[in-house]
Amino acid sequence: MGMGDDCCSTHLIDGDGTFNATGLDNFAKEVNLGACGLSYAVVSIMGPQSSGKSTLLNQLFRTNFREMDAFKGRSQTTKGIWMARCVEIEPCTVIMDLEGTDGRERGEDDTAFEKQSALFALAVSDIVLINMWCHDIGREQAANKPLLKTVFQVMMRLFSPRKTTLLFVIRDKTRTPLENLEPILREDIQKIWDSVPKPQAHKETPMSEFFNVEVVALSSFEEKEEQFKEQVASLRQRFFHSIAPGGLAGDRRGVVPASGFSFSAQQMWKIIKENKDLDLPAHKVMVATVRCEEIANEKFSSLTANEEWCQLEEAVQSGPVLGFGKKLRVILDTCLSEYDAEAIYFDEGVRIAKREQLEAKLLHLVQPAYQSMLGHIRSRTLDNFMEAFEKALNGGEGFALAASHCIQASMTSFDEGCADADVEQANWDPSKVRDKLRRDIDAHVASVRAAKLAEITTLYEGKLNVSLSEPVEALLDAANDETWPAVRKLLKRETESAVSGLSSALAGFDIDEETVDKMLASIEDHARSLVEAKAREEAGRVLMRMKERFSTLFSHDSDSMPRVWTGKEDIRAITKTARSASLKLLSAVAVIRLDEDVDNIEKTLSLALVDTSNNGVKDRSITSFDPLASSTWEKVPSSKTLITPVQCKSLWRQFKVETEYSVTQAMAAQEASKRGNNFLPPPWAIVALVVLGFNEFMTLLRNPLYIGLIFVAYLVVKALWVQLDISGEFRNGALPGLLSLSTKFLPTVMNLLKKLAEQGQNPESADVPRNPAVESRSLGNGTHVHSNITSGASSNVTSLKNGIEYSSSLQEDKVK
């Protein structure tokens, strides 16, 4: 072992147990230990031989302890106890490397040394690293366990507790996570503590009074060097300020000052060496322990490489294996039989204990495969259950009955699969996996039940949507005194129908009565909500509905025919009727009336908006409060109010403004109709005409020529009336009509005369050759002349009439 400049390695106790006091003093001087006072820490390491303690220390503390050469085989490299200073760690930290336990080199002659050195390390150290193999965890006779048991017992008797930190370093960590290994290790340590006989003073003292237990895990140095070094670097950080509060040795007690460390350590070793009460195993037991351990390890290794086991393990990863339990039992029996054959001549107690350890270790090895097998059985059973359950439901079987049958069949199938996979030696309990399967099945049944119930609920809600939405809308659209009773009747009928249907549909689900009641109450609430939502929707467009109703009633008569305003209609009465009907609509949708509560909304609205005279309004505004100046209706809760009184008043004002134009138009049309039809003079004028014009009338009757002239004048005036469209011209007012007629009168008269002249020439040219005699004879006879004049007049009248008719036809064509 070479000495290094930085770490100052010193052989503290040699392999024969001789304490190197001079070497320790020199070491203390070299590292200036005396000047540290209480600010120093002592760390030691123990563990099985060749477990890599020195390698760990050199990597962790940058010391130069001698390491095992893998090419020369596993042999003892560290003899006795070596001491060194940890490089570049504050505070000053001293490390002690102990000889490996269960070493073959020492043999059976002096097994006390490892216990003595371990007790020494525990007595002087603040932190003890216990280096152990990962596979030793959970083993009853693992390396260090008997040692720890003895050390615990003796230490309590020899020394006062100083709160040592035990840092278990798990080497060659496998894929098993640390959080799974740590609880097992802590349980092992606690069991050792509990089993140790304690002096009366410490009968009830918990282990935490003497020791802090910490656990870390490191990967293999040979196989995963980079990962190992990263983990060691992380662990190294924990030794900085280790004695500070919260550090690894933050709560140590009874610390010896650094200047007295050398003397204290020497006395401690002397006490330990002279003590005769260390319980050392007998020679025979020691030999049996070592040899049976070797045989068990060989058998365990042979099983891990066994081809039959490897094939079984690989097969069970991908799926269930038929006869898994039987195959595994044969493999385990073979392995244990081979151990029994080789270990038969060793100490019976040790042999049986090591066999139990081997069996436990083997079962621990194969248990993951068994768990995989159970997992496959569970998954397959669950899949089969889902398929069978769905098939049963599709076949029309009742939900509860189908679930019961399928669950029973599935659990029976799972139990049969577990029996096939069972391993006799293990006595493993599949109840947790069985419970998980049952939870998964129950969860699936609950999921399907929820989906089916939601489907049924949605179906009946959809039916209610169809049966309520449009009918309620139609009833509210045609609002009258019977609207809400009709809505209530409809709601009751459709709700009862839906509840009855849903109740029947739920019968096969085996649901508790409380849940059924909740679902039925929910469908009733849905129906009511539908009606309320439709009422709110109608309230939102009430102004449009009111205008439509007013327009329908105002513009159409009782036979639904469009009104023609001839002048005889009572527009005021019609307007009032139409407005009252619109007001009834407003009062109907102002609140929700599903509970048959009585209210006076219609009366209030009617008094406030329709039945008030100007005087009444004026008086009311002075003397009393406006009934619509409120945000709530009397006797109506706000939750049922759709349109507040104030909103009603605002809507009515807007309604009147938007319908005023229709009323004004109707009145204008009626006035125009009256003016257009009023050609007759007043009755008194007619009587005056008859009385005063009697003589003239009689004169006309006695002289036919006057009648003819009057007739001709009538025809001329009629022709001018049609040609000039006088009624049409005066439709826009008197002044515009007169101006228009003044520009058209003369051209129209000239055009008429021209037409008469043309009509008069055509018959004359045709009659001249036929009547020469009549014309010559008429010269001497007055009667004949008069006759000629009459006939000529008659002829002209005919021509004038033809002209008038022609001009009338032109005017009609023009109009068309």
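I call a residue buried when its relative accessible area is under 20%, exposed when over 50%, and partly exposed in between, using a 1.4 Å probe and protein chains only. By that rule, buried residues are 41% of the 816 in this chain.

**Ground rules.** This is a predicted model, so I note from that local features need pLDDT of at least 70 and side-chain atom pairs count only at pLDDT 80 or more, while totals for chains, interfaces and linings use all residues. Residues are numbered from 1 along each chain as its sequence is written, and side-chain values use heavy atoms, with hydrogens and water left out.**Whole chain.** I looked up the secondary structure and found 27 helices and seven strands. Helices (H or I, at least four residues) and strands (E, at least two) are DSSP runs, numbered from the N terminus. Next came contacts, meaning heavy atoms within 4.5 Å. Of those between residues at least 6 apart in sequence, 74% join residues at least 24 apart. The accessible surface (Shrake-Rupley, 1.4 Å probe; for residues, only the protein chains shown count as cover) is about 45,200 Å², and carbon and sulfur atoms hold 54% of that.

**Cores.** A nonpolar core here is a set of buried Ala, Val, Leu, Ile, Met, Phe, Trp, Tyr and Cys residues joined through side-chain atoms within 4.5 Å. The largest one has 110 residues, and those with the most contacts inside it are Phe324, Phe389, Phe554, Leu586, Leu605, Trp633 and Ile643. Helix H11 (residues 348-394) is the biggest contributor to this core, giving 15 residues. I then picked out Leu586: beyond its neighbours within four places in sequence, Leu586 touches Val542, Met546, Leu605, Ile643, Cys648 and Leu651. A second, separate core holds 60 residues, including Leu12, Leu98, Phe120 and Ile130. In soluble globular proteins, nonpolar side chains tend to be buried together.

**Cavities.** On a 1 Å grid over the protein atoms alone, a cavity is a set of points where a 1.4 Å probe fits but cannot get out, and lining residues have an atom within 4 Å of a point. Grid points are joined across faces, edges and corners, and a volume is the space filled by probe spheres set on the points. My search of the whole structure turned up four cavities of 30 Å³ or more.

The largest cavity has a volume of about 100 Å³. Its lining has 13 residues, with Ile592, Asp597, Asp599, Val636 and Lys640 nearest the centre. For classes, Ala, Val, Leu, Ile, Met, Phe, Trp, Tyr, Cys and Pro count as nonpolar, Asp, Glu, Lys and Arg as charged, and the others, Gly among them, as polar. This lining then divides into six nonpolar, no polar and seven charged residues.

The second largest cavity holds about 70 Å³ of space. It is lined by 11 residues, and Met132, Lys145, Leu148, Phe168 and Leu185 lie nearest its centre. Strand S5 (127-133), helix H4 (145-158) and helix H5 (178-195) are the elements that give two or more residues to this lining. The largest share, four residues, comes from H5. By class, I get eight nonpolar, one polar and two charged residues for the second largest cavity.

A cis peptide bond joins Glu90 and Pro91, with omega about -5°. Pro91 sits in the loop between strand S3 (81-85) and strand S4 (92-98).

Cys8 has phi near 55° and belongs to the segment before strand S1 (10-13). With 4% relative accessibility, Cys8 counts as buried. His241 has a positive phi of about 55° too, in the loop between helix H6 (225-236) and helix H7 (261-274). Its relative accessible area is 53%, so His241 is exposed.

Terms used
1 Å grid on protein atoms, 1.4 Å probe; cavity = no way out; pocket = protein on both sides within 12 Å on 5 of 7 lines; lining within 4 Å.
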